[in-house]
Amino acid sequence: MKIEIHVDENIEDTHITVSCKKLTPQIDKLLAMLRILEKKLTVSKNDEICFLDLSKVVYIESVDRKTFIYTEDELYESDFKLYELEQQLGAYGFFRASKSCLIQLQYVKSLKADINRRIKVTLTSGEALIVSRQYAEGLKKRLGID
């Protein structure tokens, strides 16, 4: 792969061009990461590719090596692994709640202490998720409660 960068002070808006012999999964992933910078997440539903606004994502869950994206009223699938999304979305208000789940903090409605130092999180959608004890302290710090 060859990468070229041209800096021109006269250009008003950044323009990215990808030239390739064929579209590969690696190029698809690169394009998806660029969309995240625009606060869009590339997801699929019913064999259709969609560009989902990050602000609509309530939580993300990994089940049986598949990654599912939940909004308040829709379910999508992503080709990204959960750890990849965690790295890319941490700056956008997402928090690792367990080995298999990321939560968008703006959708947290309430917290309740659970057994074994876990935290039960109720989201604005009514969904209840458990923050494992491994991540509970980090959640409290991130929300400014301690």
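Predicted model: local features only at pLDDT ≥ 70, side-chain atom pairs only at ≥ 80, totals over all residues.
Reading from the N terminus, the elements come in the order α-β-β-β-β-β-α-β-β-β-β-β-α. The C-alpha trace spans about 55 × 40 × 25 Å along its principal axes. Of the 146 residues in the chain, 31% are buried. As for contacts with a separation of 6 or more, 38% of them come from residues 24 or more positions apart.

Now for the helix called H3, which covers residues 133-143. Tyr135, Ala136 and Leu139 are buried in H3. What do the buried residues of H3 pack against? Their partners are four strands: E6 (94-98), E8 (108-113), E9 (119-123) and E10 (128-131). Just after H3 comes glycine 144, with a positive phi of about 75°.

Strands E8, E9 and E10 turn up again in a sheet. This open sheet has three strands in the order E8-E9-E10, and the pairing is antiparallel. E8 and E10 are the edge strands, each of them pairing on one side only. On average, and ignoring direction, neighbouring strands of the sheet are turned by 25° against each other. Between E9 and E10, which run antiparallel, there are four bridges. Threonine 122, for instance, has alanine 128 in E10 as its bridge partner.

Next come the aromatic rings. A pair of such rings is described by how far apart the centres are and by the angle of the planes. How many aromatic pairs does a search of the whole structure find? The search turns up one. The pair is formed by tyrosine 59 and tyrosine 70, with 4.3 Å centre to centre and 10° between the planes. Tyrosine 59 belongs to strand E3 (residues 59-63) and tyrosine 70 to strand E4 (residues 66-70), so the pair links parts of the chain 11 residues apart. Are these two tyrosines buried or exposed? Both tyrosine 59 and tyrosine 70 are buried. Another ring, that of tyrosine 76, has lysine 45 lying over its face, at 5.6 Å from the ring centre.

Key: Residues numbered from 1 in each chain as written. Heavy atoms only, no water. Phe/Tyr/Trp six-rings, centres within 6.5 Å; stacked < 30°, edge-to-face > 60°. Helix = DSSP H or I, 4+ residues; strand = E, 2+ residues; numbered from the N terminus. Buried < 20%, exposed > 50% of the residue type's maximum accessible area, 1.4 Å probe, protein only. Lys NZ or Arg CZ within 6 Å of the ring centre and 35° of its normal. Contact = heavy atoms within 4.5 Å. Pairing = 2+ DSSP bridges. Axes fitted to C-alpha atoms, helices over the stretch in contact; angles between N-to-C directions.
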